[in-house]
Structures are given as C-alpha cells and as structure tokens.
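I opened this notebook to keep track of what I looked up, one topic at a time.

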Amino acid sequence: PMNRLLQGDVGSGKTVVAALAIAMVARHQAQSALMAPTSILAEQHYRNLIDYLASNHTEDTPLAESEIRLLIGATPETQKQEIRAGLADGSIKLVIGTHALLEDPIEFQSLQLVIIDEQHRFGVEQRAALRAKGNNPHLLVMTATPIPRSLALTIYGDLDVSIIDEMPPGRQPVETYIVPPRE
C-alpha cells in the first residue's frame, strides 16, 4: 500500500491530489477517510471535496453527495449514528472529520485509503488508530509545513516523500508577516 508524505505550500494542490486518490478508491466501491486537526479545516475539506467529487453527479462522477459525510465533535448524535451505520454497511464512501473518526464505535466496511491533513498535529498512535480501522489501507499524509527532505526522511523514514514545489498557474504568492504584540 501507498505510504506517502505529501508536502506543499497552501494552495499548491494537495487537496486535488487527495481527491484524485479518493476518486480511484471510490471507483472500486471502497471507502476513504480524511482526518483534519480542526472542525473548521474538516468543514473546508468537506465543501471542497463535494465540489471536486460530487458536483453535477452523473455516472462519470465518482461519488454522489450522499456518499460523502462530515463527522466532527459538533455533529448531532442522530447524524453520528447514521454516519456510523453508513460506514459499517459501505453506503458512505468518504468520511471527512476530526479526532471524532478515532472513536471506537466507528467501523468501516472497506477502508482502503486514509488521508491525514496537517499530519504533524496528530500523534503516531492517532494516525495508527485510524489506519487500523481498515485492512492495511493506503496512507497519504499532507503538510504545508516545510520540512527539509533530509529531516523528513529521518522523522518519517517509513514514508515516501513527495513535494509539490510550484503553485498552480495564476496563484498569488502567500505573504507571511511578523507582527509585534504592540501592533
């Protein structure tokens, strides 16, 4: 199975790469899970992946919107039960969430791809716990934090490293500033 760290600046296309991997898994009727460190980021991924994978649903679109669900701490319990049932019976093909994905009652019928965004925000055991919910699924961890290749190979020696080192055409550069507290 794939075991890959994908590194790239904000806006470089990491989510598009993740969407393509999810689409491939969905074409084979298997499931994917994407875990993000915050509810806000999980909701952003949910909206983007609906657009990428389910908008204008046809036979050529990999997923229907009903097959993509969001599971965060604030999800009402009735919806959580519905999502757990859909994951267990395979009717939900993609779940996007936070640490809520690690809860024990969550079982997948056929989890084949685990994607972890901002992977440095999760511990090794948390990443392993999500991956253990499948039968040795593919793993894609993504980060926008620049990690020199030599350090990445030392820290994540079990992962192949891919770097997106250019921005899509027309993308404005990201500007970073240090603002003193008095300002």
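**Ground rules.** I am working from a predicted model, in which local features need pLDDT of at least 70 and side-chain atom pairs count only at pLDDT 80 or more, while totals for chains, interfaces and linings use all residues. Residues are numbered from 1 along each chain as its sequence is written, and side-chain values use heavy atoms, with hydrogens and water left out.

**Helix pair.** I looked up helix H1 (residues 14-27) and helix H2 (residues 39-53), whose axes come within 10 Å and cross at roughly 60°. Helices here are DSSP runs of H or I with at least four residues, strands are runs of E with at least two, and both are numbered from the N terminus. Axes are lines fitted to C-alpha atoms, for helices over the stretch in contact, and angles run from 0 to 180 degrees between N-to-C directions. H1 and H2 are therefore oblique to each other, a word for angles left over once those under 35 degrees (roughly parallel), over 145 (roughly antiparallel) and 65 to 115 (roughly perpendicular) are set aside.

I then noted which residues meet: Thr15, Val16, Ala19, Ile22 and Ala23 on the H1 side, and His45, Leu49, Tyr52 and Leu53 on the H2 side. Contact means heavy atoms within 4.5 Å.

**Threonine 15.** This residue is found in helix H1, and I recorded it as buried because its relative accessible area is 17%; buried means under 20%, exposed over 50% and partly exposed in between, with a 1.4 Å probe and protein chains only. Leaving aside neighbours within four places in sequence, threonine 15 is in contact with His45, Leu49 and Tyr52.

**Nonpolar cores.** A nonpolar core is a set of buried Ala, Val, Leu, Ile, Met, Phe, Trp, Tyr and Cys residues joined through side-chain atoms within 4.5 Å. The largest has 27 residues, of which Ile22, Leu49, Leu53, Ile68, Leu94, Ile96 and Ile115 touch the most other members. I found that H1 gives the largest share of this core, seven residues. Apart from it lies another core of 22 residues, including Met35, Ala100, Phe122 and Val161.

**Valine 141.** I placed valine 141 in strand S6, and it counts as buried because its relative accessibility is 1%. Not counting residues up to four places away in sequence, valine 141 touches Arg4, Leu5, Leu6, Ile116, Gln119, Arg127 and Leu159. The C-alpha atoms of valine 141 and leucine 159 are separated by 9.0 Å, and these two residues are 18 residues apart along the chain.
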